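Please have the sequence and the structure open.

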Amino acid sequence: MAALNFGDGIMKLYTTRLAPNPRRVSWIIAEKNIGDIEIVEVNLLAGEHKQSAYRDRFGLGHLPGLELDDGTCFTETLAIGRYLEALYPEPNLYGHAAREQVLIEMWTRRAEIYLANPMMMYVRMTHPALAALEAPQPEVGAYNKVGAEKFMKAMNRHLEHNEYLAGRFSVADIVGAVGIDFGRLVKYRPPEELAHLNRWLSACLERPAAKAGL
């Protein structure tokens, strides 16, 4: 296992391709066209994120992780995104005035808790290749799929009258679209009858930045 390279004064993103949480941050970076972050690939299936070299620095074995040029390290995708928004404010993804910030925060939380997290559990618990991370539990996967699709129906109703979750494209849409699209690993697509949700998903995934992290 190659040693991870820490502490040389360059802002670095420790990430892994295809995984949904890292993809969120890669998408944010691509939307903002940020070019001065070094990308360090971490082998998730080989457990590099659980090794002391990574875990002791970030506190938990979570990906992605951002190391600042002063050596500060932190994880959690929405926190990393907010930090990058402060450094690179345009295009704005977290909201301008208080009303818009609150709407984006609300839909981001909803998309993460009721959609992205259940979809991630659905895939993790049913995809045989991910057994290296956690033993498959198909019944747990099926339960989470039902929960995710229940929220998709609520999203479909909302998106009948809204182009994007919070009115215009934002981090909420990134979280939701990445959560659903992770289902591609098990050949999942949302039910066809959710026409407004599928229109929104296509619009999100057709953005050039959506390919980042894949």
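Is Phe-58 buried or exposed? Phe-58 is buried, with a relative accessible area of 8%; buried means under 20% relative accessible area, exposed over 50% and partly exposed in between (1.4 Å probe, protein chains only). The model is predicted: local features need pLDDT of at least 70, side-chain atom pairs count only at pLDDT 80 or more, and totals for chains, interfaces and linings use all residues. Residues are numbered from 1 along each chain as its sequence is written, and side-chain values use heavy atoms, with hydrogens and water left out.

**Aromatic pairs**
- The whole structure holds 8 aromatic pairs (ring centres of Phe, Tyr and the six-membered ring of Trp within 6.5 Å; planes under 30 degrees apart are stacked, over 60 edge-to-face, the rest tilted).
- Tyr-54 and Phe-58 form a stacked pair, at 4.5 Å centre to centre and 25° between the planes.
- Tyr-54 is buried, at 0% relative accessible area.
- Tyr-114 and Phe-151 form a tilted pair, at 5.7 Å and 40°.
- This pair links distant parts of the chain, with Tyr-114 in helix α4 and Phe-151 in helix α5, 37 residues apart.
- Tyr-14, Tyr-54 and Phe-58 form one aromatic cluster.

**Gly-65**
- Gly-65 lies in strand β3 (residues 65–67); strands (E, at least two residues) and helices (H or I, at least four) are DSSP runs, numbered from the N terminus.
- Gly-65 counts as buried because its relative accessibility is 0%.
- Beyond four places in sequence, Gly-65 touches several residues, including Tyr-14, Tyr-54 and Phe-58 (contact: heavy atoms within 4.5 Å).

**Helix α5**
- Buried residues of α5 include Gly-141, Ala-148 and Phe-151.
- The buried residues of α5 pack against α4 (98–124), α6 (171–181) and α7 (195–205).
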